Amino acid sequence: MAVSLRLGRQGILFGLRLSNLNKILWPKQPCQDRIRQFFQSPWILGVSPLKVQMPALSPTMEEGNIVKWLKKEGEAVAAGDALCEIETDKAVVTMESNDDGVLAKILMEEGSRNVRLGALIALMVEEGQDWKQVEIPPPDSAPPSAAPPATVSAVPSTPQPASPPPKSVPSGPLRLSPAARHILDTHNIDPKLATPTGPRGLITKEDALNLLKTSPTLKAAPTIVTPPAPSPTATPAAPPPPPGSRPNIPPLSVPGKPGAPGTFTEIPASNVRRVIAQRLTQSKTTIPHSYASIDCDMAAVMKLRKDLAKEQIKVSVNDFIIKAAAVALKEMPEVNVTWSGDGPHALDSIHISIAVATDKGLITPIIKDAATKGVQEISANAKALAQKARDGKLLPEEYQGGSFSISNLGMFGISGFSAVINPPQACILAVGTSRSELRLSDTDQTPRTQQLMTVTLSSDGRLVDDELASRFLDKFRANLEQPQRMALA
């Protein structure tokens with residue numbers, strides 16, 4: 001027993017001496033730090049990136065196009081700096097950085113189109129980190145609809161009909177272009193076999209042609225399934241087309257060469273054009289349009305313009321029209337409304353949207369609080385906004401939130417027209433050109449020449465009935481024929 005205690009005590013003392021020796025000979029902490037720093041260095045793990053994603057720059061934006069990068073890889077970026085220019089469904093908007101750092105990698109080059117919201121477009125690193133060692137995340141796994149389709153060219157030898165290959169088709173009805181529908185109907189091919197590559201699951205002409213090329217046996221499939229009397233010498237074949245009939249496949253146009261009869265060229269639609277088409281279709285199919293027209297005598301406005309020009313104040317007829325409409329809305333607030341899902345909404349502010357034609361489509365910048373502004377201030381705002389619209393530099397707050405729209409085609413010589421309502425607004429005023437007409441005077445019934453201008457109000461019948469629209473047009477005409485009323489209002 002004594003020997004065991006003595007040996008145990010000696011072992012404890014030896015262990016204590018050995019631990020002290022390890023502390024002297026092996027500095028543990030610096031070694032561990034060096035090992036940890038090595039395995040956590042950029043050469044092993046890479047630099048953790050700051051992700052730059054496609055933002056939503058307008059309420060209706062679903063995808064965007066990268067127009068131009070304003071920063072280069074390796075360039076320092078501060079919060080608020082302009083990173084790139086993005087074409088939205090409304091205009092070209094400058095995207096600003098939300099973080100400080102260095103632009104490490106551009107994933108979507110200039111000219112990239114139809115980039116979905118939330119898609120990764122660039123990577124940044126924090127200041128002081130090696131941007132060349134940025135860790136590029138792996139691409140997202142492709143959705144099931146993007147998987148390569150199974151081959152459909154193989155026809156089973158048994159007389160049983162071949163089941164269609166498993167494909168993930170978009171929910172809802174199939175969307176086919178006219179050319180694709182014609183090709184598939186001509187060859188009696190199920191549209192569900194095609195892989196859509198167009199926007200929002202659209203089956204294009206190229207998809208139908210690719211299906212026809214890769215699966216030539218589909219053309220003869222309808223004649224093989226149920227033969228009336230199979231014979232060993234008969235070979236199934238499609239009946240020849242009648243003489244003089246059109247070819248089954250529309251001929252393709254070759255770029256740089258004159259188009260053959262029956263050919264066409266598909267023009268890709270920009271984001272702005274697609275949104276305009278969607279909103280026009282929505283407006284004409286969901287809003288009950290009512291129309292009312294009136295002639296306005298512009299003699300007083302023309303005289304006032306000449307008097308202001310003598311004082312070097314240059315304003316246009318359209319500036320008086322904007323002011324007259326804003327004052328009429330102030331006098332009749334029941335017209336200054338919008339329609340939402342739960343009913344009408346009365347607006348407290350009077351923001352006039354003016355239609356401006358650009359190379360990319362029509363856009364409606366807004367003159368805010370037009371009823372409280374003078375004609376000269378309205379003129380300055382309208383010119384600045386129109387120029388920004390043509391340059392594609394409008395900010396989202398400069399074309400969103402209008403309460404009433406005006407579209408003027410008088411400068412093109414159009415005498416009168418009807419415009420489509422810009423939802424969720426209740427009205428849009430279509431303005432034609434002024435013309436000289438000989439009419440009888442209301443006072444002494446003598447003929448005199450008048451400068452008449454026809455305007456047509458398109459109104460939402462759910463919000464503005466015919467009687468209310470008529471009273472609004474009467475107020476609008478009075479404001480133009482007696483401009484002093486606008487100053488008093």
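The chain has 11 helices and 20 strands. Keep in mind that this is a predicted model.

Overall numbers, quickly. The chain has 489 residues, and 35% of them are buried. Its exposed surface comes to about 29300 Å². Carbon and sulfur atoms supply 57% of that surface. Now contacts. Take those with a sequence separation of 6 or more: 64% of them link residues 24 or more positions apart.

On to the sheet. In what order do the four strands of the open sheet run? The order is β1-β8-β6-β3. The pairing is antiparallel. As a reminder, strands of a sheet pair through backbone hydrogen bonds, either parallel or antiparallel. Two strands sit at the edges: β1, residues 50-53, and β3, residues 76-77. Each of these pairs on one side only.

Val-77 stands opposite Gly-101 of β6.

Where is Ser-97? It lies in the loop between β5 and β6. Is Ser-97 buried or exposed? It is buried, because its relative accessibility is 5% and the cut-off for buried is under 20%.

One step back in sequence is Glu-96. Glu-96 belongs to strand β5, residues 92-96. Which residues does Glu-96 touch, apart from neighbours within four places in sequence? Gly-80, Asp-81, Ala-82 and Leu-83. Glu-96 and Cys-84 are 12 residues apart in sequence. From C-alpha to C-alpha, Glu-96 and Cys-84 are 7.4 Å apart.

Last stop, the surface. Which residues make the nonpolar surface patch of about 330 Å²? Met-411, Phe-412 and Ile-414. Ile-414 is in the loop between β18, residues 404-408, and β19, residues 427-440. How exposed is Ile-414? Its relative accessibility is 30%, so Ile-414 counts as partly exposed.

To recap. The open sheet runs β1-β8-β6-β3. Ser-97 is buried in the β5 to β6 loop. Ile-414 is part of the nonpolar patch with Met-411 and Phe-412. Thanks, and over to the group.

Technical notes: Residues numbered from 1 in each chain as written. Predicted model: local features only at pLDDT ≥ 70, side-chain atom pairs only at ≥ 80, totals over all residues. Heavy atoms only, no water. Pairing = 2+ DSSP bridges. Patch = residues over 30% accessible without salt bridge, like charges linked within 9 Å, V, L, I, M, F, W, Y side chains within 5 Å. Areas by Shrake-Rupley, 256 points an atom, 1.4 Å probe, with all protein chains shown as cover. Salt bridge = Lys/Arg side-chain N within 4 Å of Asp/Glu carboxyl O. Buried < 20%, exposed > 50% of the residue type's maximum accessible area, 1.4 Å probe, protein only. Contact = heavy atoms within 4.5 Å.
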